[in-house]
Amino acid sequence: MTIDEIKELLQIFNESGVGELEVQRGEDRLRIKRAGSNKEYMMAPAQQQPVAAPPPQPVSAASASARAPEADGMLVKSPIVGTYYDAPSPDAPPFVKVGDSVEPGQILCIIESMKLMNEIEAEAGGTVIAKLVENGRPVEYGEALFSIRPR
């Protein structure tokens with residue numbers, strides 16, 4: 001990637017208001033993440049991307065309202081718009097299940113956005129008390145994905 005391409009991507013990112021942008025070209029990978037008013041710019045070698053899960057399944061309003069977040073849990077929210085996947089591939093087990101203990105930095109799920117797989121990690125350790133999104137469902141920026149009871 002050239003400096004001009006990176007500058008153009010930064011300009012698009014700043015104008016769009018999205019929370020995170022990740023672009024990969026060959027061995028180069030650029031990930032820009034917005035955290036409040038601070039911006040994080042990182043360029044790293046490409047990593048092997050997981051295989052996409054099956055197509056999204058519709059969610060009924062009744063099942064969505066039945067999964068309200070627990071009052072004593074910390075919500076893990078989506079930093080980007082995309083499609084939620086709870087496993088690295090369709091035949092693999094989910095990254096985490098309700099009742100699992102998680103550590104800071106542990107992968108909880110993947111959100112596919114613009115053909116890129118973005119790993120969502122736990123910010124704090126604790127126990128997963130609710131999984132708020134079904135596999136293959138589209139998610140919005142800021143949408144709650146998990147409720148985790150901190151240690």
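Residues are numbered from 1 along each chain as its sequence is written, and side-chain values use heavy atoms, with hydrogens and water left out. Because the model is predicted, local features need pLDDT of at least 70 and side-chain atom pairs count only at pLDDT 80 or more, while totals for chains, interfaces and linings use all residues.

**Confidence and overall make-up**

The average pLDDT of the chain is 78, and 75% of the residues score at least 70; pLDDT is the predictor's confidence in each residue, from 0 to 100. Residues 37–44 have a pLDDT below 50, and this stretch has 21 contacts in the model beyond near neighbours in sequence. A contact means heavy atoms within 4.5 Å. Residues 59–70 also have a pLDDT below 50, with 15 contacts in the model beyond near neighbours in sequence.

The chain has two helices and eleven strands, in the order α-β-β-β-α-β-β-β-β-β-β-β-β along the sequence. Helices (H or I, at least four residues) and strands (E, at least two) are DSSP runs, numbered from the N terminus. Of the contacts with a separation of 6 or more, 57% are between residues 24 or more positions apart.

Of the 151 residues in the chain, 35% are buried; buried means under 20% relative accessible area, exposed over 50%, and partly exposed in between (1.4 Å probe, protein chains only). The chain exposes about 8,800 Å², of which carbon and sulfur atoms supply 53%. Accessible areas come from the Shrake-Rupley method with a 1.4 Å probe, and for residues only the protein chains shown count as cover.

**The second largest pocket**

The volume of the second largest pocket is about 180 Å³. It is lined by 13 residues, and those closest to its centre are V18, E20, I80, V81 and S113. On a 1 Å grid over the protein atoms alone, a pocket is an open set of points where a 1.4 Å probe fits, with protein on both sides within 12 Å along at least five of seven lines; lining residues have an atom within 4 Å of a point. Grid points are joined across faces, edges and corners, and a volume is the space filled by probe spheres set on the points.

Strand 1 (20–25) and strand 8 (116–121) each supply at least two residues of this lining, and strand 1 gives the most, with three residues. The lining comprises eight nonpolar, three polar and two charged residues. Here Ala, Val, Leu, Ile, Met, Phe, Trp, Tyr, Cys and Pro count as nonpolar, Asp, Glu, Lys and Arg as charged, and the others, Gly among them, as polar.

**The loop between strands 7 and 8**

M114 lies in the loop between strand 7 (107–113) and strand 8, and K115 lies in that loop as well. Most residues other than glycine have a negative phi. M114, not a glycine, has a positive phi of about 55 degrees, and K115, also a residue other than glycine, has a positive phi near 70 degrees. M114 counts as exposed because its relative accessibility is 69%, and K115 counts as exposed because its relative accessibility is 75%.

T127 is partly exposed because its relative accessible area is 28%, whereas A130 is buried, with a relative accessible area of 9%. Leaving aside neighbours within four places in sequence, T127 is in contact with G99, D100, S101, S147, I148 and R149.

| Pair | Separation in sequence | C-alpha distance |
|---|---|---|
| M114 and V23 | 91 residues | 8.8 Å |
| T127 and R151 | 24 residues | 7.5 Å |
| A130 and S147 | 17 residues | 5.0 Å |
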